[in-house]
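The notes below follow the order in which I went through them.

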Amino acid sequence: MYMFCANSSEQSLQPSRLGSSMFSVGDIYSRIKMFKAQLGLSPPPLYFAKVDVKAAFDTIPQDAMLKLMRDIPSQPGYRISKHVEIAPLESDNSKAAKRWRSTAHATNDKAGFLARLEEAPNTAARTNTVFVDSAAQMNRGTGELLALTTDHVKQNLVRIGKKYYRQKTGIPQGSVLSSTLCSYFYADLEQKELGFLRGDGCLLLRLTDDFLLITTDREKAARFVQVMVRGVPEYGVTVSPGKSLVSFELAVDGVTVPMLETSAGFLYCGLVIDCRTLEVRKQRDGVKDPVIFNSLTVEFSRYPGRNFKRKVLSELPPLFYWIGCCC
């Protein structure tokens with residue numbers, strides 16, 4: 001948890017270290033919207049290329065990961081602080097819920113709680129919320145945090161039957177640090193192996209291990225797929241050409257890469273992107289089980305009707321969001 005808080009602080013201090021990383025599907029629309037604005041009113045033809053890294057978490061070299069993480073902290077130490085956020089329940093405004101949150105800042109940072117709260121990126125979105133500072137604070141040196149990260153990566157035990165096995169390749173899955181570690185690692189790959197994508201006319205997106213390139217330069221799109229399909233051993237990256245997708249004819253080392261049908265939009269992380277207009281909509285065609293896809297799960301509890309109402313209302317903002325994307 002301490003290293004997670006420190007990494008969260010570094011993400012706001014050094015966002016460029018994360019490269020094209022995204023932490024939710026909702027980030028895709030905003031990135032594409034900015035890219036479209038840069039292209040102007042009469043954009044040139046666009047070329048799409050998508051690749052998916054095989055077993056990303058299980059193939060990341062541990063030593064390379066830990067070597068990279070030693071360069072991430074920019075502070076000699078961090079102060080981990082806790083505060084309480086009190087907000088009404090979505091299902092019952094007459095009751096309030098308390099949530100404890102931890103944040104990290106430099107040990108020598110003299111800013112008060114209110115100043116740090118105003119600078120936090122998500123504070124403005126938390127309406128009808130009371131923030132209460134806490135006296136719970138602790139200092140952790142960067143060396144101590146890196147040692148915890150090393151133990152987290154190197155000492156991950158998996159129980160199979162009655163035996164325990166230590167993971168020697170890859171990083172732990174499902175931990176609070178997994179996505180962050182993966183994002184930093186592949187951002188380093190982008191900087192060292194995909195530097196030719198820098199500049200105007202290229203938009204590289206990555207949600208964990210799913211890469212998508214949208215560019216006005218066909219040669220760059222082809223080179224991107226070639227680099228990824230041929231593999232990057234020092235990063236443990238291997239890509240299957242059969243699971244890749246491009247919007248133009250391409251073959252890598254004699255193997256044809258699947259090409260998008262001209263009438264279909266480009267699929268990426270459950271979304272469909274129009275290859276000409278860059279309009280974004282949610283994928284609804286070709287779903288294996290439309291009944292489950294269009295259903296709403298409500299947990300069984302003492303008040304199922306109240307939970308149903310809460311879930312329906314929570315689904316409405318994303319619905320209007322996607323409608324707005326298509327307009």
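**Conventions**

I worked on a predicted model, in which local features need pLDDT of at least 70, side-chain atom pairs count only at pLDDT 80 or more, and totals for chains, interfaces and linings use all residues. Residues are numbered from 1 along each chain as its sequence is written, and side-chain values use heavy atoms, with hydrogens and water left out.

I took helices (H or I, at least four residues) and strands (E, at least two) as DSSP runs numbered from the N terminus. Two strands were called paired if DSSP finds at least two bridges between them.

**Entry 1: the sheet of S4, S3 and S5**

I looked up the strand order and found an open sheet of 3 strands, S4-S3-S5, with antiparallel pairing. Its edge strands are S4 (96–106) and S5 (130–141), each of which pairs on one side only. Direction ignored, neighbouring strands of this sheet are turned by 20° against each other on average. For angles, axes are lines fitted to C-alpha atoms, for helices over the stretch in contact, and the values run from 0 to 180 degrees between N-to-C directions.

I then checked S3 (residues 77–88) against S5: they run antiparallel and are joined by 9 bridges. Ser 81 has Gln 137 in S5 as its bridge partner.

H1 lies across S3, S4 and S5 and runs at about 70° to S4. H6 lies across S3 and S5, at about 90° to S5.

I also looked up Phe 113, which is found in helix H5 (residues 113–119). Leaving aside neighbours within four places in sequence, Phe 113 is in contact with His 83, Phe 131, Val 132 and Asp 133. Phe 113 and Ser 81 are 32 residues apart along the chain, and their C-alpha atoms are separated by 9.4 Å.

**Entry 2: the hairpin of S6 and S7**

S6 (residues 157–160) and S7 (residues 163–166) pair in the antiparallel sense over 4 bridges. I found Arg 166 in S7 as the bridge partner of Leu 157. The hairpin has 2 residues between the strands, and Gly 161 takes a positive phi near 65° there.

**Entry 3: cavity and pocket**

Rolling a probe the size of a water molecule over the atoms shows where empty space is left. On a 1 Å grid over the protein atoms alone, a cavity is a set of points where a 1.4 Å probe fits but cannot get out; a pocket is an open set with protein on both sides within 12 Å along at least five of seven lines; lining residues have an atom within 4 Å of a point. Grid points are joined across faces, edges and corners, and a volume is the space filled by probe spheres set on the points.

I counted 1 cavity of 30 Å³ or more. The largest cavity has a volume of about 40 Å³. Its lining consists of Met 3, Ala 6, Asn 7, Glu 10, Ile 72, Pro 73, Tyr 78, Thr 142 and Leu 145. H1 (2–13) and H6 (142–154) each supply at least two of the lining residues, and H1 gives the most, with 4.

I then turned to the second largest pocket, with a volume of about 560 Å³. It is lined by 24 residues, of which Gly 19, Ser 20, Glu 190, Cys 202 and Leu 204 are the closest to its centre. H2 (26–39), H7 (178–193) and S8 (202–207) each supply at least two residues of this lining; H7 gives the most, with 5.

Asp 209 lies in the loop between S8 and S9 (210–215). Asp 209 counts as buried because its relative accessibility is 15%. Beyond neighbours within four places in sequence, Asp 209 is in contact with Val 51, Asp 52, Val 53, Ala 56 and Tyr 186. Asp 209 and Tyr 186 are 23 residues apart in sequence and 7.9 Å apart in space, C-alpha to C-alpha.

Ala 55 is not a glycine, yet has a positive phi of about 45°. Ala 55 is found in the loop between S2 (47–52) and H3 (56–59), and at 46% relative accessibility counts as partly exposed.

Leu 278, also not a glycine, has a positive phi of about 65°. Leu 278 is in the loop between S14 (271–273) and S15 (280–282), and is buried, with a relative accessible area of 5%.

How values were computed
Contact = heavy atoms within 4.5 Å. Buried < 20%, exposed > 50% of the residue type's maximum accessible area, 1.4 Å probe, protein only.
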